[in-house]
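Thanks for coming. I will go through a few local features of one model and keep it short.

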Amino acid sequence: MRFVYIRTMKIHNANKLISEKKIRTTSFRIKLLNCFLESKGSIRIDKLIEKYKYIVNKTTVYRALQCFENKGLIHKVPDNNNITKYSLCDMKKCPNELHSHSHGHFVCYACDKTYCLEDFEMRKPSFSGHIIKEIKVIYEGYCKACNNI
């Protein structure tokens, strides 16, 4: 019975977030958002397509991810292999469609995990006449777990 309660809580939280962001609720979008809520890191798009291939087609996955990104639920994160990854946004820093991801990332060579460096302070430099839309700072190396191997 406890499992059902926990599962219901997760679905409720996903439903609430989707509703708050004024996104049309579907069973797939709830499952997809729950995947991010349960994840401890970023998720590769090819893994999501594989996971949901018997439920929806890949176009539906791409559209849902684009919708979530546009509404400030998830954001793209860097990857060593140029494979798109997404991570859940911090709802305090991305309260609406305006993403605020002024932090760097660390990508591990061995396990290919991407870590957000939240305590990393970045600021936009000002260039007269230029408009800066995005800043990307990526540190690469070996994470703590892989460094001990």
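Start with K22, which is exposed, with a relative accessible area of 69%. This is a predicted model, so please keep that in mind throughout. K22 sits in the loop between helix 1, residues 2-20, and helix 2. Its phi is positive, about 60 degrees, although K22 is not a glycine. Why mention that? Most residues other than glycine have a negative phi.

There is another case, D112. Its phi is near 65 degrees, again a positive value in a residue other than glycine. D112 is found in the loop between strand 4, residues 104-108, and strand 5. Is D112 buried or exposed? The relative accessible area of D112 is 12%, and the cut-off for buried is under 20%, so D112 counts as buried.

**Helix 4**

Next is helix 4, which covers residues 58-70, 13 residues in total. From its first C-alpha to its last, helix 4 reaches 18 Å, close to the 18 Å expected at 1.5 Å a residue. At its start, a side-chain oxygen of N57 comes to within 3.2 Å of the backbone nitrogen of T59. Just after the helix, G72 has a positive phi of about 85 degrees.

Which residues of helix 4 are buried? They are V61, A64, L65, C67, F68 and E69. To read that list, remember that an α-helix has 3.6 residues a turn, so residues three or four places apart point the same way. You can check the buried positions against that on the screen.

**Strand pairing**

Now the strands. Strand 3, residues 85-88, pairs with strand 1, residues 43-44, in the antiparallel sense over 2 bridges. Here I43 stands opposite Y86 of strand 3. Strand 3 also pairs with strand 2, residues 74-77, again antiparallel, over 4 bridges. In that pairing, V77 has K85 as its bridge partner in strand 3.

**The second largest pocket**

Last, a pocket. The second largest pocket has a volume of about 300 Å³. How many residues line it? The lining has 18 residues, and K40, G41, S42, T114 and Y115 lie nearest the centre. Helix 2 (27-38), strand 3 and strand 5 (114-117) are the elements that each give two or more residues to this lining. By class, the lining has 7 nonpolar, 6 polar and 5 charged residues.

Notes: Residues are numbered from 1 along each chain as its sequence is written. This is a predicted model: local features need pLDDT of at least 70, side-chain atom pairs count only at pLDDT 80 or more; totals for chains, interfaces and linings use all residues. Side-chain values use heavy atoms; hydrogens and water are left out. Two strands pair if DSSP finds at least two bridges between them. On a 1 Å grid over the protein atoms alone, a cavity is a set of points where a 1.4 Å probe fits but cannot get out, and a pocket is an open set with protein on both sides within 12 Å along at least five of seven lines; lining residues have an atom within 4 Å of a point. Grid points are joined across faces, edges and corners, and a volume is the space filled by probe spheres set on the points. Ala, Val, Leu, Ile, Met, Phe, Trp, Tyr, Cys and Pro count as nonpolar, Asp, Glu, Lys and Arg as charged, and the others, Gly among them, as polar. The expected span of a helix is 1.5 Å times one less than its number of residues. Buried means under 20% relative accessible area, exposed over 50%, partly exposed in between (1.4 Å probe, protein chains only). A polar contact is a pair of N or O atoms within 3.5 Å; within protein, one must be able to donate a hydrogen and the other to accept it, and residues adjacent in sequence count only if both atoms are side-chain atoms.
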